[in-house]
Amino acid sequence: MTKLSVDIAIVGAGPAGTSTAIAAAKKGVNTLILERKTNPGIPVQCGEAIGKTGPGIAEIGIPENCIINPIRGFRVYSPSGIAVDFAKDEIDGYIIDRRVFDKELLVEAVEAGSEVLVGTNVVDLKYKEGTVSHLIAKKMGEKIEINAKVVVGADGVNSIVAKKTGLRKNIKAIDLDTSVGYEMINVEVDDLELMEFYTGQNIAPRGYVWIFPKGENRANVGIGVGMQDKFASKTAYEYLNDFIKNHPIGSKKCAKGKIIEIRIGAIPLGGPNKKNIADGVILVGDAAGQVHPITGGGMGYSIVCGSIAGNVAADCINEGDVSEKKIAAYEEQWRERYGYEFRQALKLRKALEKASDKQLDELAKILTGELLVGISSGEKISKKKIAKIIIKRPGLWKLLGDYLLA
Ligand SMILES: Cc1cc2nc3c(=O)[nH]c(=O)nc-3n(C[C@H](O)[C@H](O)[C@H](O)COP(=O)(O)OP(=O)(O)OC[C@H]3O[C@@H](n4cnc5c(N)ncnc54)[C@H](O)[C@@H]3O)c2cc1C
């Protein structure tokens with residue numbers, strides 16, 4: 001058995017783990033990433049859309065070589081096909097190549113001084129006197145014991161670190177969307193600079209179908225839906241195929257489409273865990289529930305929160321105190337930044353879950369793209385503006401009144 005001793009052991013080389021490593025390694029602490037995949041970033045489990053100004057990605061910068069298509073905004077279709085558009089004058093995001101993106105962030109982490117072990121599955125985490133004494137990993141059959149002052153769980157939606165530390169025992173099925181996506185060729189793309197979202201109880205219950213353009217005739221077409229039996233009457237896969245075959249707008253765009261890749265995964269939409277820290281432990285990214293409860297977007301949040309985690313962990317190590325009390329700076333900083341937005345989006349999503357198709361159509365007639373962006377992030381001016389309009393419509397007021405007044 002190999003024994004290793006490091007300052008920070010990061011489980012997972014997704015965007016959360018690599019951005020934690022970049023920040024920590026830049027502060028000179030001894031950092032190790034453990035990634036079970038032999039080829040990080042593959043298979044892709046993502047729609048590959050990332051906002052430039054959204055969750056603060058502009059601070060980090062997106063590696064040029066992973067940008068496939070620049071985006072200026074979006075178009076949301078209501079169940080009967082009413083479109084709500086939002087577009088900025090300048091580029092506001094990108095459709096990226098996720099396999100290149102994850103790899104580039106890993107390269108950056110290693111160049112900053114982090115070590116990495118790929119093909120290394122963390123299988124256990126042992127406690128001693130209230131703190132993690134060591135991790136146990138397996139690399140191609142070889143057992144490795146890792147001692148670390150701080151363990152960072154950046155190991156995604158099924159995080160072993162979250163489970164073993166008790167910070168998130170088991171994620172509830174109701175808090176997960178199942179997601180299936182295709183990369184398709186020969187899709188008719190209306191506007192290369194707009195992402196499209198399709199809503200409706202029979203189209204994607206508690207979620208949406210997306211068409212994210214990657215080129216003139218190339219797009220990611222995918223879906224996220226809520227738990228079967230409670231929200232959905234069939235699988236995400238069946239809903240997506242139904243959309244491609246039968247949706248009045250979608251079926252025309254996808255009529256000649258050929259699937260060249262299938263992506264499957266689960267998205268934690270129930271908001272952040274109550275607590276993401278313990279003595280010598282930090283959770284970040286999907287493991288922490290840092291995903292927007294309406295859009296399901298998590299890459300940008302993972303990167304910003306990962307940077308905060310890496311900086312705080314390094315400071316704690318350099319100051320010789322990795323207690324929960326000291327590590328709490330991470331929890332405070334990321335919640336200060338996104339806590340309100342996540343809480344608001346979760347409330348809005350819960351209200352919208354109950355909306356009938358007729359109500360979604362009615363909303364589409366009222367909303368502008370700006371107002372939609374505003375209320376999804378809990379912006380008070382947008383909430384007030386919409387409240388003024390829908391107070392005269394009892395059905396919509398019953399649905400959204402509490403959220404808009406809160
Ligand atoms: C189908 C789908 C589409 C999506 N589309 C978008 C989108 O368009 N835009 C967006 O912003 N977000 C999207 N998301 C969400 C986004 O992919 C995640 O929020 C983001 O990847 C979270 O990053 P992360 O680093 O926390 O986790 P992950 O990217 O999941 O990385 C976790 C890493 O940990 C590794 N790991 C797990 N367990 C262990 C272990 N025991 N030992 C060692 N390594 C381990 C995994 O192999 C993985 O590499 C989508 C998700 C899905 C499923």
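**Figure 1. Strands β14 and β15 pair in the antiparallel sense over 7 bridges.** β14 covers residues 208-215 and β15 covers residues 218-225. The model shown here, as in every view, is predicted. Phe-212 has Asn-220 in β15 as its bridge partner. Both strands belong to an open sheet of 7 strands. The strand order is β6-β5-β13-β14-β15-β12-β16, and the pairing is mixed. At the edges stand β6 (83-87) and β16. Each has a single partner strand, so one side of each is left without a neighbour in the sheet. On average, neighbouring strands of this sheet are turned by 15° against each other, direction ignored. Helix α9 packs on the sheet and touches β5 (73-77) and β6. The direction of α9 makes about 80° with that of β6.

**Figure 2. Helix α9 crosses helix α10 at roughly 115°.** α9 spans residues 369-376, and α10 spans residues 380-390. Their axes come within 7 Å. The crossing is left-handed. From α9, the contact takes Leu-371, Gly-374 and Ile-375. These meet Ile-381, Ser-382, Lys-383, Lys-385 and Ile-386 in α10. By class, the contact residues are 4 nonpolar, 2 polar and 2 charged.

**Figure 3. An open sheet of 3 strands runs in the order β3-β7-β4.** Its pairing is antiparallel. β3 (49-51) and β4 (67-71) are the edge strands, each pairing on one side only. Neighbouring strands of this sheet are turned by 25° against each other on average, direction ignored. β3 and β7 (residues 93-96) are joined by 3 bridges. Gly-51 stands opposite Gly-93 in β7.

**Figure 4. The loop between β2 and β3 holds Pro-43 and Glu-48.** Two backbone details are shown. The peptide bond from Ile-42 to Pro-43 is cis, with omega near 0°. Glu-48 has a positive phi of about 70°, although it is not a glycine. For context, most residues other than glycine have a negative phi, and most peptide bonds are trans.

**Figure 5. Domain 1 and domain 2 meet through 8 residues from each.** The domain assignment of the chain gives domain 1 as 2-45 + 99-168 + 273-322. Domain 2 is 71-94 + 173-268, and domain 3 is 347-405. The C-alpha centres of domain 1 and domain 2 lie 31 Å apart. On the domain 1 side of the contact with domain 2, there are 4 nonpolar, 3 polar and 1 charged residues.

**Figure 6. The ligand lies between domain 1 and domain 2.** Why is the ligand placed between these domains? Both give residues to the shell around the ligand, so it lies between them. There are 40 residues around the ligand. Of these, Gly-12, Gly-14, Gly-265, Gly-285 and Gly-298 come nearest. By class, the shell has 16 nonpolar, 17 polar and 7 charged residues. Several elements each supply at least two residues of the shell. The helices are α1 (15-26) and α6 (299-318). The strands are β2 (31-35), β3, β9 (120-128), β12 (176-185) and β16 (258-268).

Notes: Residues numbered from 1 in each chain as written. Predicted model: local features only at pLDDT ≥ 70, side-chain atom pairs only at ≥ 80, totals over all residues. Axes fitted to C-alpha atoms, helices over the stretch in contact; angles between N-to-C directions. Helix = DSSP H or I, 4+ residues; strand = E, 2+ residues; numbered from the N terminus. Left-handed = near helix turned anticlockwise from the far one by under 90°. Contact = placed C-beta atoms within 7 Å. Nonpolar A, V, L, I, M, F, W, Y, C, P; charged D, E, K, R; others polar. Pairing = 2+ DSSP bridges. Domains from an automatic or database assignment. Near = placed C-beta within 6 Å.
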